[in-house]
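Open your viewer and get ready to click around. We'll go stop by stop, selecting as we go.

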Amino acid sequence: MPATAADLSSLRSILEQRFPDATPVTHRTTDQVASGISQLDRALPSGGFPRGRLSVWAPLGGATAILRAACYAITAAGERAAWIDGEHTLTSHSWIDGPALIKPTTRRNALRAAEEILRSGGFALVVMSGTEPVGSEAVRLTRAAREGGAALVSLTSASAMSSLRVSSQLDPRGYTWHRTPFGEPAVAHDVLVRVRARAMGWNAHTQFLVPVLHHELRLSLEPGLADRRGVRR
Amino acid sequence: MSYVCLWSPAWPIGAAFDADLAPALLACAPRVVVGDDNRIWIDARGLHAAQLAEQLLTVVRAHGVPHVRAGTALTPIAAECAAAHSPSTLTVVKPGTDREFIAPFLVSVLEPDLHLAELLEGLGIDTVGRFAALDAESIELRLGLDGVRLWSRARAEDDRWFFNTPLRALPSASLEWMEYALRDSERLLFVINSLLASVCTALVAQGERAREISIVFSLAGKTQYTHTLRSSRPTADQKRWLRLVRDALDQLTLPDAVMGIALSVDAITGNDGAQGDLFDRGFASADAVEIMLADLEDDQGDAVVAPSSTAHPLPERRTRWVAESPAHYLSRGMRGASLPLSARPSTTPELTLQLLSQPQAIVVDTATRRDHEVPVRYRDDDGWHDLVDVAGPDRVSGGEWESAFAREYFKCVREDGMLVWMFVAKDGRVTQPTDGAKDHWWFLQGWWD
């Protein structure tokens with residue numbers, strides 16, 4: 001006898017109750033953490049990163065910039081965010097007071113720190129960069145995220161256990177340059193970022209301009225000397 | 001403040017005293033004090049004094065106390081006179097008329113001591129009103145300081161306060177030693193830990209939490225050095241205070257050896273919970289986060305860090321990451337919502353520089369652009385990458401007195417859109433293996449992401 005629509009609906013609700021992690025984020029059964037970037041939030045299936053779930057974001061392509069901005073937005077809204085910098089690539093240039101910054105010395109320490117932070121229940125968003133959880137590690141972190149209720153975003157290409165997969169790419173022809181008098185590129189002003197978000201039953205694209213923060217080289221001869229460029233003599 | 005004074009010429013004492021009287025009075029008003037000379041004082045602040053006095057009279061009479069009288073007034077002396085020296089059972093002194101009310105009474109109602117009473121009699125002052133009419137200078141000249149106090153009371157300026165709650169001494173502990181002097185922080189920490197144990201135990205016993213604790217170091221030079229610790233959240237947890245002490249001792253430089261330590265709690269709060277911030281959505285989890293960060297610190301050392309920037313020209317030497325204590329993180333981490341908009345970090349995404357821990361050697365093909373060479377493609381561990389845009393060079397050099405450096409930096413856009421930062425070392429002193437016979441060495445320093 002063929003199943004009726006009511007049977008399917010009841011089966012679905014039973015499955016959602018028994019296996020809440022298996023429920024697609026498109027069903028909006030979980031709360032979300034808005035990234036604070038309206039274009040991105042519109043492209044994400046539940047309007048943000050799902051709480052208590054693992055989301056993965058493919059490294060590079062402006063991922064750090066977007067996730068860092070999301071951390072600041074969450075902190076500004078009165079919640080906590082943490083960034084686990086496994087490869088120690090962040091510079092002071094790219095970090096301002098706000099989220100908790102963890103620089104673990106080993107990969108194992110990074111995973112342990114992530115688990116403790118997630119289980120504490122005090123963070124809305126935890127970003128892992130430079131450490132890719134694999135196999136049972138991803139399972140364990142997913143469980144910790146569910147217990148603590150934080151949205152976990154891992155900068156990795158491995159998408160196992162993830163509810164949401166996001167990738168972004170910088171458009172090589174999308175840079176806006178301040179040019180020299182000779183017409184050569186001098187300082188990059190902004191760049192076009194294309195973001196693609198995928199989940200079960202969801203595939204969305206968006207694109208927006210991201211400014212490039214210029215890194216000012218200090219041209220003084222000695223470290224101890226003051227940099228007097230621009231000072232009126 | 002208003003007072004109710006109950007007076008009876010003969011309160012029952014001993015076996016005649018009804019044990020239920022005190023609870024019955026306390027049921028009417030929360031603060032009741034037994035005073036001298038058969039008086040009972042009731043704090044009527046916030047209550048209707050006249051109704052309260054009637055209620056108290058009913059209660060007292062129901063417990064078999066005869067001839068009880070009550071008086072209510074804004075000052076104790078007026079309430080006292082109304083109860084003990086007025087003929088009616090209940091006298092309510094109208095607010096603002098206390099001085100006029102007590103003026104007709106004899107000065108004996110002020111209860112001067114024998115010496116003052118004789119002086120007043122000698123001066124011919126018989127009523128409170130006549131005494132109050134004198135000026136302060138003449139009173140001070142003739143009757144001294146006690147006379148001035150009595151004169152103030154005659155003017156219904158009565159500063160007696162019956163309902164003081166006794167100040168409880170805050171927990172403290174100390175230890176001194178004579179035979180030796182301590183300098184190393186580990187031994188000091190050992191001593192402070194034992195002192196903290198007794199202080200925290202006392203706090204827990206009193207149901208209080210410390211917000212500030214002072215450590216007073218008695219130094220060998222017979223001087224003292226005081227350091228105050230402040231917890232972001234009031235706590236009686238010994239482990240948490242010890243962590244703060246450890247942080248402080250790491251940064252503290254004592255001018256001399258230590259021969260004694262005293263620990264005292266400076267500020268406390270009750271266990272009724274800390275005041276929350278309306279915009280602090282993480283307030284409820286602050287304790288859990290602090291404990292977690294402390295555990296992380298114990299487990300991994302200085303894992304939670306904050307940048308400390310210098311002005312070094314070389315990017316890889318510019319930033320030093322310093323440990324951030326859990327208390328410091330909590331004190332600054334949640335204030336985002338309470339900062340003015342202009343002071344908040346930008347929530348607009350920006351590509352920022354990411355650095356490799358060490359510059360990575362790469363092979364670069366260059367082309368001539370006007371008077372200099374610029375990279376057109378490079379090879380790293382992932383193979384060759386073509387470059388579609390190149391900005392630079394930005395030249396930086398220095399370090400002649402330590403380790404000299406001279407670099408030319410290029411910002412390059414790869415064909416996949418990644419903006420990378422590479423430099424060519426020009427000083428010839430970089431101890432990096434070269435690729436072939438190139439006289440310039442190229443390195444990848446970082447990228448924008």
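How many residues of chain A are in contact with chain B, and how many of chain B with chain A? The two sides are 65 residues of chain A and 62 residues of chain B, where contact means C-beta atoms, placed from the backbone, within 7 Å.

Before you click on, a word on the model: it is predicted, so local features need pLDDT of at least 70 and side-chain atom pairs count only at pLDDT 80 or more, while totals for chains, interfaces and linings use all residues. Residues are numbered from 1 along each chain as its sequence is written, and chains are lettered from A and ligands numbered from 1 in the order in which they are written.

Next, pick strand 5 of chain A and strand 10 (residues 304-309) of chain B: they run antiparallel, joined by two bridges. Strands pair if DSSP finds at least two bridges between them. Zoom in on Leu101(A), which stands opposite Val305(B).

Moving on to chain B, find the open sheet of five strands, ordered 2-3-1-4-5 with mixed pairing. Strand 2 (32-34) and strand 5 (90-92) of chain B are at its edges with a single partner strand each, so one side of each has no neighbour in the sheet. Strand 2 of chain B pairs with strand 3 (residues 39-43) of chain B in the antiparallel sense over three bridges.

Notes
Helix = DSSP H or I, 4+ residues; strand = E, 2+ residues; numbered from the N terminus.
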